[in-house]
Amino acid sequence: LPDDPWDSSVHGDFAFGSSYHPPDRSKMKEYHSQCRDHAEPLIRQLHGHGIVFIRQLLPVDRMISMFSSLGLPDGFIALCRSMLVVLGRMTRNGGGVENC
């Protein structure tokens, strides 16, 4: 693999065409830091409820109930549900993203 993960030879130009330009690395680091700052309080809350692994949120109804009780926005809960569905499909199909 190339040193640059944004290299088009890795992903190809099919999705973005020649108009795609990789994000500025310093902006990506700042964005990553902001995401971590937002996620850490939720992670601490989940750990406080004994949740360490994603599988502990299953079935999905349990996750929805817990996240609702924590006051998380419905849109966030819907995205988390979608991610669990994808992870479930990956697991049932042999564990690879290419099998989704």
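Select Ala39 in α2: a kink of about 30 degrees lies here, shortly before the proline Pro41. The bend at a residue is the angle between axes fitted to the seven residues ending there and the seven starting there. This is a predicted model, in which local features need pLDDT of at least 70 and side-chain atom pairs pLDDT 80 or more, while totals for chains, interfaces and linings use all residues. Residues are numbered from 1 along each chain as its sequence is written, and side-chain values use heavy atoms, without hydrogens and water.

Next, select residues 25–48, the whole of α2. Its 24 residues reach 34 Å from first C-alpha to last, close to the expected 34 Å (1.5 Å times one less than the number of residues). Just after α2, pick Gly50, which has a positive phi of about 80 degrees.

Now show the largest pocket, with about 530 Å³ of space. Leu42, Leu46, Phe67, Phe76 and Cys80 are the closest to its centre among 22 lining residues. α2, α3 (60–69) and α4 (74–92) each give two or more residues to this lining, and α2 gives the most, nine. A pocket is an open set of points on a 1 Å grid over the protein atoms alone, where a 1.4 Å probe fits, with protein on both sides within 12 Å along at least five of seven lines; lining residues have an atom within 4 Å of a point. Its volume is the space filled by probe spheres set on the points, joined across faces, edges and corners.

Finally, colour the protein by secondary structure: four helices and zero strands (DSSP runs, H or I of at least four residues and E of at least two, numbered from the N terminus).
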